[in-house]
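These questions and answers are meant for a reader who is new to the structure. Please look at the sequence and the model before reading on.

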4 protein chains.
Amino acid sequence: MPKAKAKPAEPKQRKSDRTRDEFKAAARRVFARSGYLSAKINDITREAGKSAGTFYLYFTDKEDLLRALIEEFYAELPHNIALAGNGASDPMEAIEDGLRGYWNAYQKYQADIVGIFQAAMVDPAYEQIWREIRASGIRMTAHSIRRMQDDGACPGVDPTLLASALCGMVEFACYNWVSRRIDFKEREIEEEEAIQALLAALRGTLSYRPPAAKPARRRIR
Amino acid sequence: MPKAKAKPAEPKQRKSDRTRDEFKAAARRVFARSGYLSAKINDITREAGKSAGTFYLYFTDKEDLLRALIEEFYAELPHNIALAGNGASDPMEAIEDGLRGYWNAYQKYQADIVGIFQAAMVDPAYEQIWREIRASGIRMTAHSIRRMQDDGACPGVDPTLLASALCGMVEFACYNWVSRRIDFKEREIEEEEAIQALLAALRGTLSYRPPAAKPARRRIR
Amino acid sequence: MPKAKAKPAEPKQRKSDRTRDEFKAAARRVFARSGYLSAKINDITREAGKSAGTFYLYFTDKEDLLRALIEEFYAELPHNIALAGNGASDPMEAIEDGLRGYWNAYQKYQADIVGIFQAAMVDPAYEQIWREIRASGIRMTAHSIRRMQDDGACPGVDPTLLASALCGMVEFACYNWVSRRIDFKEREIEEEEAIQALLAALRGTLSYRPPAAKPARRRIR
Amino acid sequence: MPKAKAKPAEPKQRKSDRTRDEFKAAARRVFARSGYLSAKINDITREAGKSAGTFYLYFTDKEDLLRALIEEFYAELPHNIALAGNGASDPMEAIEDGLRGYWNAYQKYQADIVGIFQAAMVDPAYEQIWREIRASGIRMTAHSIRRMQDDGACPGVDPTLLASALCGMVEFACYNWVSRRIDFKEREIEEEEAIQALLAALRGTLSYRPPAAKPARRRIR
DNA sequence: TATGAATGAGTATTCATTCAT
DNA sequence: AATGAATGAATACTCATTCAT
């Protein structure tokens, strides 16, 4: 038949991309709702309004899908965290900027982070990824700690160890407060209130200076 | 687990008790090794050197087994934590005692705690249990925070919120450092070193006093 | 079956409907051959030429499958029985029409009826269903009995009790003669012969008039 | 040690018999309560207050146990039925005696009969046994029918076929009314009332004489 | 004899993945 | 590209039966 069709090459590519994105968006919703581990492939395809088979045209696996989420997340992470902290000359400010950066990233990439965290529990490959994500935060935090220590604050602790603890605190608070809504079922936590609580801990820890003459602990009464 | 199944008759004899304990011990090893969620009933029976069916003479479920672990854990928890902190008159001392208590309990009941934590990700009933376990620690910590605030320290933060963050920090550090051995693959963390790092954060946070004239954030130097 | 499980999504397409019907047909063959209680899911899938998992795309259970059979059976039952008896003005004719209706329904839905009957032995929910199916027949029969009693026949008996006995007779004869082929292994029973035997009992019972002066039982001759 | 023990050979034998009987009694209770097919070996041993292993000292099987029940039942059956009917010279009286005999036997051996009936659904060997039990009743009933037919009553029906239907009626009524308590949940059926209903059917059927000039059924309107 | 803990074959069920249309 | 029906390997669970004590 003589009807010369215009090659729809471009639009096709587009459509395919769109479907892929729809899957990712659906997965984010599902992961946020019921976690990565208990999410069934079917839950995701249903959420995406696609059929079961279609999923495998775009991803090989639930893990593959998670990997795709992570990539996006990775691509934007620096904007939220690393860059945020970079500008600040004052270590305390750097820490606060870092916290706010992480908090914002967490809001947006909740599903990804929970996904990685849960996958890490079961799959060593994801444990590695999780460790890497943590690592950059820890490195930054440790750097600030070291600067504070140079100034005489919080002496005698391994900066990396302390950084690991503090980053974990932030991470875990996000998980508990934002994703699982644990601990505070009865009331909504205000975003700023939450940040202030974390900030109080960070600030206190980093600026701690032991009293001049430290009395022996548990001295004889 | 939400549907309360009738527990199996639970043979009470000597031999029977021993087998039940063997299963619990085997489960602790398996959970510690590969986590609760990915553990198969078969993994546990094999580890216990028992046959598949035997498991069901003692437990109805993997969940039921976890419940049994928790009970034991619960029974001993107060000795390690609550009682520990009770004697101390000084809030800082109470916090330190609580930390050491939790740390010790964690060493011993690692598998249980990880099990509950993982089960909580997937099963609301365990989320509830996990929340309860956290609650007692949070309550105690919040109490100490309030006492410090009465004294003028760490002002302007919701004690419960801050307590939740700090308890999470301890919990999560135990998980990362002890159970997953994340962050510090290259070296063994000394127990005392780990405790000191956590203590530094707790002490700093609780005793923080803002500088007399609080300067505006990010003022020009 | 007491716990109402959510039925699987129940694909509605053409192909899917056919498969569902194939399962029902296969189940009817299997139930007729070896009874409902001893039928394994596997027997049915094999008979249907499908794989194990496919069964669960269409039914949650063996019970669910039986329920599906019953529905079909229920839908047609009135055509065979109730309507049949409705037109007849003479109670004896109503009874005969009812009998022929039930007989025909039984031929077609043997497997369903046997299934319900067997399931009722083990599961109270099916006992209820079975009771309901019986109830309509009993009600109709009792009605005819009452009309005959108004006319002076078979006096002094509870119509419902008698109806229950007579309906049971028909039911059980169908079971023994048609489904189990008991009692008459050596020869084929002609359909009409069987019906005539049942009819003889029904007719005799309903038209019975006690002899005028009832002699004492077991008097000396 | 010089204490010469008396050989407890006799008592031992007694004890063993007693245990066996306890199992049989327990089984009767369990079968009557929940049917033969759904009864687990464990249900029976628990009901008997014995341990699981002990069961196998006395029986090889649940079937073996059922066989033992049947034997006892068989041994007494003639007293209740066959002998009962034998004395009567009048066929109607023979039928009534037979009915009362069966009814009494059923009360006592409910569990056995239900057991055989259910086992027959699943196991051909028990189908055979069931058929045999039925056979003697059918033979007797057919005999009475033949005598009535010689007298001109209920003409034109195969006596055995009719007997099978009538015996089935009685059997099934016992099952429904006594064992399953179906059809009459709301009220207790009086024993005599039940017997009278069955008797009405038997009497009517056997004494039926077609009206002199039988009009064509469904004549032209 | 009696016990009851242990066994393992048999069965049901789930769900990621494939493939004909 | 998309569909959704079909697959079957993996796993959980039950229960009759054995056996060391």
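This is a predicted model: local features need pLDDT of at least 70, side-chain atom pairs count only at pLDDT 80 or more; totals for chains, interfaces and linings use all residues.

Q: How much area do chain A and chain B bury between them?
A: The contact draws 55 residues from chain A and 53 residues from chain B. Carbon and sulfur atoms carry 61% of the buried area. Between them, the two chains bury about 4600 Å².

Q: Which residues of chain A lose the most area to chain B?
A: Together they make up 15% of what the side of chain A buries. They are A:Met121, A:Leu161 and A:Phe172.

Q: Which residue of chain B meets A:Glu127 in a salt bridge?
A: Two salt bridges are found across the interface of chain A and chain B. In the one with A:Glu127, the N to O distance is 2.4 Å. The partner side chain is that of B:Arg180.

Q: Which helix gives the largest share of the side of chain A that touches chain B?
A: Helices α6 (91-120), α7 (124-150), α8 (159-179) and α9 (191-207) of chain A each supply at least two residues of that side. The largest share is 13 residues. The helix that supplies this share is α8(A).

Methods. Residues are numbered from 1 along each chain as its sequence is written. Chains are lettered from A and ligands numbered from 1 in the order in which they are written. Side-chain values use heavy atoms; hydrogens and water are left out. Contact means heavy atoms within 4.5 Å. Buried area is the accessible area (1.4 Å probe) that two parts lose on being put together, summed over both. A salt bridge is a side-chain nitrogen of Lys or Arg within 4 Å of a carboxyl oxygen of Asp or Glu. Helices (H or I, at least four residues) and strands (E, at least two) are DSSP runs, numbered from the N terminus.
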